[in-house]
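Please examine the sequence and the structure shown below. The paragraphs that follow lead from the chain as a whole to individual helices and residues.

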Amino acid sequence: MKVLFLTLAGVEGALRAHKASLSSCAGTHAKAVVHMTDTLSMANPTAFKQWMALKDEAEDLPHPPKGAPRKIAFAFLVEQDLPYAQLWYNWFQSAPAQNYTLLVHQAQGDDADRDYTTDPFWGKAIMPTMNSSWCHMEHARLAMARKALQDPAVAQIVWLSGDSVPLKTFGDVYADLAHSNKTSFCIDKTWTRAEMWAAWARPMASLFVKHEDKIFNLFQGVDCNVDTPAERRDLLKHCPNVCEDEDFYYNQYLMLGKQHRIRQHCVMWTDWSDPNKGFHHPQGVGDSLRKCGMITGDGGCNHPNEFYQVCGKGIDELVDNKKALFARKFRDASVVFTEDGKEMTKSLNDWLMESLDLSGGSDDDDDSK
């Protein structure tokens, strides 16, 4: 691995270029590509050396009890509510209980329309609320990962947003992920980062959980000035230009020579229309939905398109696509329309339950758990 050593002026220029990459999409990529490896090695050589010392650390592989299957942990990061709770409930009810575990972090649970903590299905999955915000969710995520990994059978941790929906059956998702020891990243190769909605394999997840302080220490000095352990644990306050959710993990795993443990696989479809964003999704996927759906937002660098109306053809194309397992940014109670704008009788929730052949009772009256 090559590490670039620069003069002080070169270091300052590199850090300024990296700051530009975090604050803007268009116009910066072609002009000054600064590899995160070089940025980190220059910003904090001591932390960089400590991180690189982990290259030969033994891996933690899934080790379920004899005769038991591997599990997938599904980790929901929600602001308040789960608008598709019924869809997800039926989806999980279609699966063998020994094949999955569930975790939910609510950033603003007290403001939710529904008390999930007392729910017979969702209640036991609720995690204690931790301080988190846009681009700064990583202490909460690592706490969830730590909880998931207490079960030795957990092989993958799939990260899901509150506005996400399943596009494949549980069986298809399990077949795709459960027996792999590779982490599935949706990669932006221009800036060596990855989208946060990924599937973490146990070897990678356990490494970052064990060395949480080291990954935060790596970013000390990147476009900010932090000196104390407390400051390093609060990058939101002291390093506003570091987007932990995208800048952590992918490149730092590559730095340790873990290419063989990484899979380019966008498990979560997101409508990043701005080509400068860089997260790779299969070309053409979602085109029909984008054309016939009702969108809010500009799909630009910071925020992807959000749908509040969708068309049946567009959703069906996502379901039929072999790559995408989930999709996000669907508003609560999204309504399905025809391509000519005629309203259908089904909500997105009902449409997907039919498409995925899901049935079952209400998640309000579950007495099976």
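**From the overall chain to its helix packing**

Among contacts (heavy atoms within 4.5 Å) between residues at least 6 apart in the sequence of the protein chain, 77% join residues at least 24 apart. This is a predicted model, in which local features need pLDDT of at least 70 and side-chain atom pairs count only at pLDDT 80 or more, while totals for chains, interfaces and linings use all residues. Residues are numbered from 1 along each chain as its sequence is written, and side-chain values use heavy atoms, with hydrogens and water left out.

The protein chain contains 15 helices and 15 strands; these are DSSP runs numbered from the N terminus, with helices being H or I of at least four residues and strands being E of at least two. Of the 369 residues in the protein chain, 55% are buried, where buried means under 20% relative accessible area, exposed over 50%, and partly exposed in between, for a 1.4 Å probe and protein chains only.

The pLDDT, which is the predictor's confidence in each residue from 0 to 100, averages 76 over the protein chain, and 68% of the residues score at least 70. Over residues 225–229 the pLDDT is below 50, and this stretch has 9 contacts in the model beyond near neighbours in sequence. Residues 365–369 also have a pLDDT below 50, with 11 contacts beyond near neighbours in sequence. Where pLDDT is low, the predicted coordinates should not be read in detail.

Two packed helices are described by the angle between their axes and the distance between the axes. Axes here are lines fitted to C-alpha atoms, for helices over the stretch in contact, and angles run from 0 to 180 degrees between N-to-C directions. Helix 4 (residues 85–93) packs with helix 15 (residues 348–355) at an angle of about 15 degrees, their axes being 9 Å apart. Helix 4 and helix 15 are therefore roughly parallel to each other, since angles under 35 degrees count as roughly parallel, over 145 as roughly antiparallel, 65 to 115 as roughly perpendicular and the rest as oblique. In this pair, Gln-86, Leu-87 and Asn-90 of helix 4 meet Asn-349, Leu-352 and Met-353 of helix 15. By class, that contact has 3 nonpolar, 3 polar and no charged residues; Ala, Val, Leu, Ile, Met, Phe, Trp, Tyr, Cys and Pro count as nonpolar, Asp, Glu, Lys and Arg as charged, and the others, Gly among them, as polar. Helix 4 is largely enclosed by the rest of the structure, because 7 of its 9 residues are buried. Leu-87, Trp-88 and Trp-91 are among them.

Helix 15 also packs with helix 14 (residues 312–320), their axes coming within 11 Å and crossing at roughly 45 degrees. Helix 14 and helix 15 are therefore oblique to each other. Gly-312, Ile-315, Asp-316 and Val-319 in helix 14 meet Leu-348, Trp-351, Leu-352 and Ser-355 in helix 15. The residues of this contact comprise 5 nonpolar, 2 polar and 1 charged.

Two individual residues complete the account. Ser-184 lies in strand 5 (residues 183–185) and counts as buried, at 1% relative accessibility. Not counting residues up to four places away in sequence, Ser-184 touches Leu-177, Ala-198, Ala-199, Arg-263, His-265 and Val-267. Arg-146, in helix 5 (residues 138–148), counts as partly exposed at 34% relative accessibility. Leaving aside neighbours within four places in sequence, Arg-146 is in contact with Val-209 and Glu-212.
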